[in-house]
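Please open the model in your viewer and keep the sequence beside it. The stops below say what to select next and what is to be found there.

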Amino acid sequence: MIRHHLNDALLMGYSAGQLPEAFSLIVATHISMCDECRARLESFDAVGGALLGALPEAGMGADSLAQVMARIRQAPPPPPAPKPRAGVFPAPLRDYVGGDVEAVRWRAVGGGVRQAILPTARDASARLLYIPAGMAVPDHGHRGMELTLVLQGAFRDEVDRFGPGDIEIASEELEHTPIAEPGADCICLAVTDAPLRFNSFIPRLLQPFLKI
Ligand code: ZN
Ligand code: ZN
């Protein structure tokens, strides 16, 4: 049961192909686990296609977006989710790593926590985190936006509890200490946009949809 989802800006950016590589990876991985966000993404894909198709001819009326959204709401439901996966990593991540957990080359970062940096374009970075049950990731702030997707186990921090499939969207203001729940080691995929700021992508990525 996933309770923490992607926001509209991330889904729109992904649909428009405007996210940094590391962000695209985490969005694709969450979507492969989450029916709700996959359905929302399909709406954005449809809106983007409809608006792009309409734009060269005439400007958009004030209610064009509402009309498109209304048409989409009447569309049939999206196809069912892919079959449950055998390992820990969903397919988009497994393709990236070149295997499942056993293919990861972990490095200790202290306190029993291990991480593995994934190779991505340098406008954002992606890493896997392995937090032994009951252990904490050192308290930290964020220079930009950090997204953390739980793949196995669960963690709690000052914000809430995050279980498998949940994604935490942490902004610059948040200082938090994620602690893995007792009973199971927690494995997460985390991406950050520092030193670039995710927010700087938003005006650019909204252009194809809203022509602002
Ligand atoms: Zn979701
Ligand atoms: Zn953090």
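**The three-stranded sheet**

Begin by selecting β5, β6 and β8, which form an open sheet of three strands in the order β6-β5-β8, with antiparallel pairing; here two strands pair if DSSP finds at least two bridges between them, and helices (H or I, at least four residues) and strands (E, at least two) are DSSP runs, numbered from the N terminus. The edges are held by β6 (161–162) and β8 (179–180), and because each has a single partner strand, one side of each is left without a neighbour in the sheet. Zoom in on β5 (residues 155–156), which runs antiparallel to β6 and is joined to it by two bridges; within this pair, R156 stands opposite R161 in β6.

Before moving on, note that this is a predicted model, in which local features need pLDDT of at least 70 and side-chain atom pairs count only at pLDDT 80 or more, while totals for chains, interfaces and linings use all residues. Residues are numbered from 1 along each chain as its sequence is written, chains are lettered from A and ligands numbered from 1 in the order in which they are written, and side-chain values use heavy atoms, with hydrogens and water left out.

**The six-stranded sheet**

Next select the open sheet of six strands, whose order is β1-β2-β3-β9-β4-β7, with antiparallel pairing. At its edges stand β1 (107–110) and β7 (167–170), each with a single partner strand, so one side of each is left without a neighbour in the sheet. On average, neighbouring strands of this sheet are turned by 25 degrees against each other, direction ignored; axes are lines fitted to C-alpha atoms, for helices over the stretch in contact, and angles run from 0 to 180 degrees between N-to-C directions.

Follow β4 to β7: the two run antiparallel and are joined by four bridges, and E146 stands opposite A170 in β7.

Within helix α2, select T29, which is buried at a relative accessible area of 0% (buried means under 20% relative accessible area, exposed over 50%, partly exposed in between, with a 1.4 Å probe and protein chains only). Leaving aside residues up to four places away in sequence, T29 touches P90, P92, L93, L149, L151 and L189.

Then go to M145, in the loop between β3 (125–131) and β4 (146–152), where this residue is buried with a relative accessible area of 12%. The C-alpha atoms of M145 and E172 are separated by 6.1 Å, although the two residues are 27 apart along the chain.

**The zinc ion and the cysteines**

Which residues are the protein donors of the zinc ion (ligand 1)? They are H5 (ND1), H30 (NE2), C34 (SG) and C37 (SG), lying 2.1 to 2.3 Å from the ion; donors are N, O and S atoms within 2.8 Å of the metal (3.2 Å for Na, K and Ca), and water is not among the atoms, so sites may look incomplete. The four donor atoms subtend angles of 96 to 128 degrees, which makes the arrangement tetrahedral, a label given to four donors if all angles lie between 85 and 135 degrees. H5 lies in the segment before α1 (8–15) and C34 in the loop between α2 (21–33) and α3 (35–54), so the pair ties together parts that are 29 residues apart in sequence.

Finally, a search of the whole structure finds zero disulfides, a disulfide being a pair of cysteine sulfur atoms within 2.5 Å. C188 is in no disulfide, and its nearest cysteine sulfur, that of C186, is 3.6 Å away.

Technical notes: Four donors count as tetrahedral if all angles lie between 85 and 135 degrees; four count as square planar and six as octahedral if opposite donors are over 155 degrees apart and all others between 65 and 115; anything else is irregular. Contact means heavy atoms within 4.5 Å.
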